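Subject: Structure for you to look at

Dear colleague,

I am passing on the structure we talked about, together with some notes on what turned up when I went through it.

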Amino acid sequence: SVYAVIVLLLASCQAHNHPKLDSILRLPRPTTTTTPRSEHAAVIDNVWGDFKNSFNKTYSTRSEPLRRLAWEENLLKVHLHNEEAASGHHNYTLRENHMADMTVKDYEREMVRLVRSRRPSCPDSDILMMASPDSVPEELDWRTKGFITPPMNQQNCGACYAFSISTMVEAQVFKTTGKLVRLSEQQIVDCSYLTGNLGCRGGSVKNSLRYIKQSGLMTYDTYPNTNKQMI
């Protein structure tokens with residue numbers, strides 16, 4: 001699905017084509033498992049090697065064939081999507097990134113590690129009332145107001161919860177003070193065990209907010225991100 005491609009591959013504002021991609025797709029694929037190695041196999045082997053070198057990838061003997069299959073399928077999706085974009089069917093293009101060797105299930109298992117909150121139900125005092133629909137503007141672009149944060153990469157640490165919460169708090173600080181202060185995701189990863197999070201093995205939004213309420217949150221410069229659990 002388009003959703004799966006977007007999750008696995010970064011959207012790009014400019015067209016990006018691998019220099020060897022067209023030659024790969026034009027070559028006939030082997031029709032049987034006994035077909036000898038062909039020009040197709042040699043070219044795609046080289047591009048696979050380029051991908052591993054570019055993103056510093058290493059695999060076990062068992063996992064590499066599965067990762068390569070996922071990469072080939074995603075590379076083809078990128079090419080087909082960009083052809084459709086060139087014909088006016090989409091307003092964005094795709095390119096491969098460090099997650100191009102993942103299936104959707106791989107991504108969910110390795111990157112989206114949410115755990116159940118220790119207090120799943122909320123008392124009435126914790127429930128926020130939504131604003132009236134009449135008071136919501138027809139459009140709002142925070143970029144025009146100066147709220148622009150850099151892209152972040154959690155790499156192989158299952159800390160999506162920490163990145164989500166730190167950015168949310170940054171937004172509230174900006175909304176209140178007009179100052180854009182980057183806060184520490186790493187502190188949440190390392191220090192929120194007592195409120196129920198599991199470091200790089202996952203966490204929850206509510207557990208993270210409870211930790212921040214108790215302990216506060218340092219700036220990124222004071223406690224920078226390492227993309228791994230340090231404590």
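The notes below begin with the whole chain and then turn to particular places in it.

Please keep in mind throughout that this is a predicted model. The protein has 231 residues, of which 35% are buried, and its secondary structure amounts to eight helices and two strands. Read from the N terminus, these elements follow the order α-β-α-α-α-β-α-α-α-α. Among the contacts with a separation of 6 or more, 72% are between residues 24 or more positions apart. The protein exposes about 15,100 Å², and carbon and sulfur atoms supply 55% of that area.

With a cut-off of 2.5 Å between cysteine sulfur atoms, the count comes to one disulfide. The disulfide is formed by C157 and C200, whose sulfur atoms are 2.0 Å apart. C157 sits in the loop between α5 (104-111) and α6 (160-177), while C200 sits in the loop between α7 (185-191) and α8 (205-215), so the pair ties together parts that lie 43 residues apart in sequence. The torsion about the S-S bond of C157 and C200 is about -95°, and the disulfide is therefore left-handed. Both C157 and C200 are buried. C160, by contrast, takes part in no disulfide, and the nearest cysteine sulfur to it, that of C157, is 9.4 Å away. C160 has a relative accessibility of 17% and so counts as buried, whereas C191, at 30% relative accessibility, counts as partly exposed.

Helix α5 is worth a look down its axis. D106, E110 and M111 are buried in this helix, and because the buried residues of α5 fall within an arc of 90° when seen down its axis, they line one face of the helix. K105 and R109, on the other side of α5, are exposed. What lies over the buried residues of α5? The cover includes α4 (64-86) and α6.

Helix α4 also holds H81, which is buried, with a relative accessible area of 7%. Leaving aside residues up to four places away in sequence, H81 touches H90, Y92, T93 and L94.

In the loop between α3 (39-54) and α4 you will find N56. Most residues other than glycine have a negative phi. The phi of N56, however, is near 55°, a positive value in a residue other than glycine. N56 counts as exposed, at 68% relative accessibility.

Finally, there is a nonpolar patch on the surface, formed by M168, V205 and L209, which together have about 220 Å² of accessible area. Of these residues, V205 is found in helix α8, and with a relative accessible area of 42% V205 is partly exposed.

Terms used. Residues are numbered from 1 along each chain as its sequence is written. This is a predicted model: local features need pLDDT of at least 70, side-chain atom pairs count only at pLDDT 80 or more; totals for chains, interfaces and linings use all residues. Side-chain values use heavy atoms; hydrogens and water are left out. Helices (H or I, at least four residues) and strands (E, at least two) are DSSP runs, numbered from the N terminus. Buried means under 20% relative accessible area, exposed over 50%, partly exposed in between (1.4 Å probe, protein chains only). The arc is that of the directions from the helix axis to the C-beta atoms. Contact means heavy atoms within 4.5 Å. Patches are made of residues with over 30% relative accessible area and no salt bridge: like charges are joined within 9 Å, nonpolar side chains (Val, Leu, Ile, Met, Phe, Trp, Tyr) within 5 Å. Accessible areas come from the Shrake-Rupley method with a 1.4 Å probe; for residues, only the protein chains shown count as cover. A salt bridge is a side-chain nitrogen of Lys or Arg within 4 Å of a carboxyl oxygen of Asp or Glu.
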